[in-house]
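Q: I'm new to reading protein models. Could you walk me through a few features?

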Amino acid sequence: MGKRNMKWELPLLLFFIVATVLILRRNNVFQTDEGLVFGTVYRITYQCADNLKDEIEAELKKVDASLSPFNPTSVISRINRNEEAQADTFFTTVFRRSEEIAKETDGCFDITVAPLVNAWGFGFKESIFPDSAMIDSLLDIVGHEKVCLQDGRVVKSDSRTMLDCSAIAKGFGCDAVARLFDRKGIQSYMVEIGGEVVVKGRNPKHDLWRIGISKPVEDSLAVNQDLQVVLGITDAGMATSGNYRNFYYKGGKRYAHTIDPKSGYPVQHSLLSATVVASDCMTADAYATAFMVMGLERAKAFAESNPAIDAYFIYEDEIGNLKTCFTEGMGKYLVKQ
């Protein structure tokens, strides 16, 4: 009787062992997808047996159709042309968060900066290198208090005011893909769009996700890949803003893409790069931009007083040497190299 049972038990045991191994292998498969979106490159790695590139790109197209000023049919483009446009969920979420951060940062982050960004040649319209009179004129139509959202429509106090969510849209795009993965029950992923990142769970080596912060070396072609530091993070959003790639020279003077919404001019200070870690990438993206407007001392003070974020700053000292500083909480993310 015992021998007859063994005839069935041994094959059954082997079957369960093989099935378990196959299931574990299937559940440990990571996909990596790459492509172009928002005028930049995305790279997404996620733990899933099935490839979801079509669904990922469909989600990113929704973000583009809502927030891209380069898409003439997008919600934001229609608002900028003063057409009747109903704000969708994506636009509403970004607009409201932008208003909150504009108030928190005393206007250092402001999506109505579009006319100034365009005038300096970093926006979605042809530039007209501005003089002081033009700057003064444009400042009259810039300011987050000049727009509001009422019944799903943007109301402007001046029809010439335009919006540009470029300093928050990449972060929001990362969050949108992350939410897609969460809905599907995916436990581990890394979503990166143009340097902005959302991570959850563990990487394919079952470790924290490793995310590098680039050295702020003048590199308009993004050829230089030298890293200043590497962070080990999970379950967070991370964004970096800097003036070392998007800039130009005119008349021997360097003009960086970060425009101060209060002065109307490109920023000129020692802060070269600001990296922010927050609970979501949209928030990290917006604060990183605000910090580049603030400059080092104001940005440090703001970050240190805000327990919901951590920040890492790279700046130049008086003789041009690269220096770094960071909030106390950022120390836990730093990876020894």
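Q: Let's start here: which strand does Glu196 lie in?
A: First, this is a predicted model, where local features need pLDDT of at least 70, side-chain atom pairs count only at pLDDT 80 or more, and totals for chains, interfaces and linings use all residues. Residues are numbered from 1 along each chain as its sequence is written, and side-chain values use heavy atoms, with hydrogens and water left out. Strands are DSSP runs of E, at least two residues, and helices are runs of H or I, at least four, numbered from the N terminus. Glu196 lies in strand 6 (residues 196-200).

Q: Is Glu196 buried or exposed?
A: Buried means under 20% relative accessible area, exposed over 50%, partly exposed in between (1.4 Å probe, protein chains only). Glu196 has 3% relative accessibility, so Glu196 counts as buried.

Q: Which backbone atom of Thr240 lies 3.1 Å from a polar atom of the Glu196 side chain?
A: The backbone nitrogen of Thr240 does.

Q: How do I describe helix 2 and helix 7 packing?
A: Two packed helices are described by the angle between their axes and the distance between the axes. Axes are lines fitted to C-alpha atoms, for helices over the stretch in contact, and angles run from 0 to 180 degrees between N-to-C directions. Here, helix 2 (residues 53-67) and helix 7 (residues 166-183) pack at about 140 degrees, axes 10 Å apart.

Key: A polar contact is a pair of N or O atoms within 3.5 Å; within protein, one must be able to donate a hydrogen and the other to accept it, and residues adjacent in sequence count only if both atoms are side-chain atoms.
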